[in-house]
Amino acid sequence: MDNTGKKKFYITTPIYYPSDNLHIGHAYCSVMADTMARYKRIQGYDVMFLTGTDEHGQKIEEKAKAAGITPKQYVDHVVAGIKELWKLMDISYDKFIRTTDDYHEKAVQKIFKQLYDQGDIYKGAYEGWYCTPCESFWTETQLVDGKCPDCGREVKRTSEEAYFFRLSKYQDRLIQLFEEHPEFLEPASRRNEMLNNFIKPGLEDLCVSRTSFTWGVPVTFDPKHIVYVWVDALSNYITALGYGSEDDSLYQKYWPADIHLVGKEIVRFHTIIWPAMLMALNLPLPKKVLGHGWLILEGGKMSKSKGNVVDPVVLCERYGVDAIRYFLLRDIPFGSDGTFSNEALITRINSDLANDLGNLVSRTVAMIHKYFGGTIPAERTAGEVDDDLIALATATKAKVEAYADEMQFSSALAELWALISRTNKYIDETAPWVLAKDEANRARLAAVMYNLCEAIRIISILVSPFLPHTAPKIQQQLGAPADVLTWEQSGEWGLLPEGFSVQKGEIIFPRIDIAKELAELEAQQKAAREAKEQARQPEGIAQISIDDFAKVELRVAEVKDCEPVKRAKKLLKLTLDDGSGTPRTVASGIAQWYRPEDLIGHKVVLVANLKPAVLCGVESQGMILAADCAKEDVKVLFVDNMPAGAKIR
């Protein structure tokens with residue numbers, strides 16, 4: 001707490017490996033961290049939410065070499081895509097660190113030198129098994145069927161000079177940490193695994209430098225070595241705050257972290273290696289590490305190699321960010337694995353968001369307009385059935401907080417939806433349509449409508465950390481003034497003022513035809529995977545033969561009509577004349593940069609023999625060419641001086 005009286009809260013996600021194939025499982029971790037950050041902010045905390053990318057290592061060097069570019073060019077391209085995804089999903093991080101940032105690299109070099117000077121790092125030689133994808137060394141006994149115990153892939157025999165961190169020196173202190181502070185790592189199953197399977201059997205010293213590749217932070221006193229991943233990547237949690245720099249005010253303000261949120265596959269690094277490094281540096285340990293489970297597809301864990309990843313961009317553009325956030329938070333109890341399927345997602349949207357929440361808001365607003373012209377009269381008569389609704393509504397805040405404080409978001413949302421269900425039941429109990437038939441019941445009808453609005457006001461506040469786009473939409477339709485929408489007021493009843501007026505708005509969550517939607521969604525996801533595979537490397541990197549190029553048919557086409565695509569904010573539907581005599585439809589993701597009327601009458605370059613794909617219900621028969629001209633700017637290639645149907649070669 002500083003002189004403003006605000007409590008501090010520091011939460012981190014792991015820094016993500018810069019993969020160009022981030023999937024819905026990666027989004028799960030960031031959505032959880034974002035929800036916690038929003039929850040704390042709305043309670044008045046001074047929050048620091050950190051995320052970022054881990055950009056060094058042999059994998060990056062090899063991928064960049066294969067692509068014919070530098071490692072920095074490779075990671076710059078991929079990181080831009082990661083930031084775009086977090087922007088789309090409205091991940092409200094306060095700082096994004098890249099391990100290629102100059103300030104981070106300098107701080108890592110200082111940390112490495114300090115640990116060496118005090119004897120916690122020493123030079124030796126490594127000989128053993130190495131997993132390149134996991135960037136992990138393994139002994140013979142740790143291998144499973146001769147393969148990496150973490151990912152199950154092939155390992156290579158490696159021998160090289162290296163520096164080692166004296167991890168074994170801190171074994172007893174780590175045992176003491178786990179036994180005296182069980183809250184340090186949750187859930188308990190992860191804590192027991194780390195203590196009994198890794199620490200107590202004996203810790204070996206850790207390889208912390210490499211000489212077999214060069215993409216990393218150089219060791220200042222031995223530059224043929226680069227700092228290996230653990231000292232480099234794990235240090236980000238303090239270097240992002242300025243530790244090791246001339247200005248460490250953020251470090252002094254926020255450290256130690258309140259929560260490190262990580263996937264279960266990297267709990268070992270964050271609860272054994274990282275605490276030991278901090279002990280060696282004589283720095284405070286993070287207060288808590290939470291190891292979440294995986295989001296698993298029906299048929300197994302998502303992975304690029306299996307070709308079963310689910311693109312969150314497709315889902316967010318089709319259903320909205322809040323619907324995806326709700327599914328991730330509601331369907332996956334913290335600490336456990338969750339199962340994803342398109343059908344489960346759509347079913348949850350229909351049942352909870354469309355039927356329960358969305359229908360409650362639209363029904364209430366419609367009835368107030370129908371019975372009172374949009375403004376509830378001041379004269380109201382209470383009824384006995386009101387008490388149960390009021391009691392549950394005012395008690396829900398404490399229930400939500402109890403679970404949210406522990407990041408048990410699935411349970412918190414279950415409590416909130418119990419209130420939503422009870423409010424819907426209240427409509428059936430009071431039967432406003434019956435009351436409206438008799439003018440003598442006008443005051444009672446007004447009370448029922450007011451109570452519904454009060455319950456919705458409370459719901460809109462409590463749902464805001466989870467569904468940040470939905471909450472203001474509800475509040476706008478409710479006509480609730482800002483001064484009754486604070487978090488603390490979600491536990492109070494009767495705050496809506498006299499004479500407030502509700503406003504009709506769009507349906508917040510439209511109901512979906514499951515059978516039709518599943519077919520369209522699966523086709524769109526398949527097309528998105530194929531497109532991503534084709535564009536996996538940065539523009540201009542992949543080389544093709546003249547025979548490959550000859551397969552592409554480029555034609556001039558005139559835009560005859562253009563309109564937005566429903567449920568897809570980025571897509572425009574173009575009707576083209578390509579000279580064939582048959583109109584051609586193309587869906588293009590350029591709505592951010594062009595209005596429909598900007599395109600009509602222009603001639604564009606059409607990829608005429610691209611396999612058709614269904615995008616948000618539109619069969620796209622090809623694609624048009626556009627260029628990334630500057631940061632966040634796209635220009636369509638116009639060829640207005642050429643006739644429609646002309647072949648480009």
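Me: When helix 13 passes helix 15, is the crossing left-handed or right-handed?
Reply: Helix 13 passes helix 15 in a left-handed crossing, where left-handed says that the near helix is turned anticlockwise from the far one by less than a right angle, and right-handed that it is turned clockwise. The helices (H or I, at least four residues) and strands (E, at least two) are DSSP runs, numbered from the N terminus. Everything here is read from a predicted model, in which local features need pLDDT of at least 70 and side-chain atom pairs count only at pLDDT 80 or more, while totals for chains, interfaces and linings use all residues. Residues are numbered from 1 along each chain as its sequence is written, and side-chain values use heavy atoms, with hydrogens and water left out.

Me: At what angle do the axes of helix 13 and helix 15 cross?
Reply: Two packed helices are described by the angle between their axes and the distance between the axes. Here helix 13, residues 342-372, and helix 15, residues 409-430, have axes that come within 10 Å and cross at roughly 45°. That angle makes helix 13 oblique to helix 15. The axes are lines fitted to C-alpha atoms, for helices over the stretch in contact, and angles run from 0 to 180 degrees between N-to-C directions; under 35 degrees counts as roughly parallel, over 145 as roughly antiparallel, 65 to 115 as roughly perpendicular and the rest as oblique.

Me: Which residues of helix 13 and helix 15 meet?
Reply: On the side of helix 13 they are D352, L353, D356, L357, L360, R363, T364 and M367, and these meet W417, I420, T423, N424, I427 and D428 in helix 15, contact meaning heavy atoms within 4.5 Å. The contact of helix 13 with helix 15 divides into seven nonpolar, three polar and four charged residues. For these classes, Ala, Val, Leu, Ile, Met, Phe, Trp, Tyr, Cys and Pro count as nonpolar, Asp, Glu, Lys and Arg as charged, and the others, Gly among them, as polar.

Me: How do helix 13 and helix 17 pack?
Reply: Helix 13 and helix 17, residues 442-462, pack at an angle of about 150°, with their axes 11 Å apart, and helix 13 passes helix 17 in a left-handed crossing. The contact is made by L357, L360, V361, T364, M367, I368, Y371 and F372 of helix 13, together with R442, L445, A446, M449, L452, C453, I456 and I459 of helix 17. By class, the contact of helix 13 with helix 17 has 14 nonpolar, one polar and one charged residues.

Me: Where does D222 sit, and is D222 buried or exposed?
Reply: D222 has its place in the loop between strand 10 (217-218) and strand 11 (226-227), and D222 is buried, with a relative accessible area of 11%; buried means under 20%, exposed over 50% and partly exposed in between, using a 1.4 Å probe and protein chains only. Not counting residues up to four places away in sequence, D222 touches K123, E161 and Y163. The side chains of D222 and K123 are joined by a polar contact of 2.9 Å, a polar contact being a pair of N or O atoms within 3.5 Å, of which, within protein, one must be able to donate a hydrogen and the other to accept it, with residues adjacent in sequence counting only if both atoms are side-chain atoms.

Me: Which residues is Y122 in contact with?
Reply: Y122 lies in strand 4 (residues 121-131) and is partly exposed, at a relative accessible area of 24%. Leaving aside neighbours within four places in sequence, Y122 is in contact with A162, Y163, F164, R166 and D205, and a polar contact of 2.7 Å joins the side chains of Y122 and D205.

Me: Which peptide bonds are cis, and which residues have a positive phi?
Reply: Most residues other than glycine have a negative phi, and most peptide bonds are trans. In this model, the bond from E186 to P187 is cis, with omega near 0°, and so is the bond from W255 to P256, with omega near 10°. P187 lies in the loop between strand 7 (185-186) and helix 6 (188-199), whereas P256 lies in the loop between helix 9 (249-254) and strand 12 (259-263). D145, although not a glycine, has a positive phi of about 55°, and D145 is exposed, with a relative accessible area of 77%. A431 has a phi near 45°, again a positive value in a residue other than glycine; A431 is found in the loop between helix 15 and helix 16 (432-435) and is buried, with a relative accessible area of 14%.
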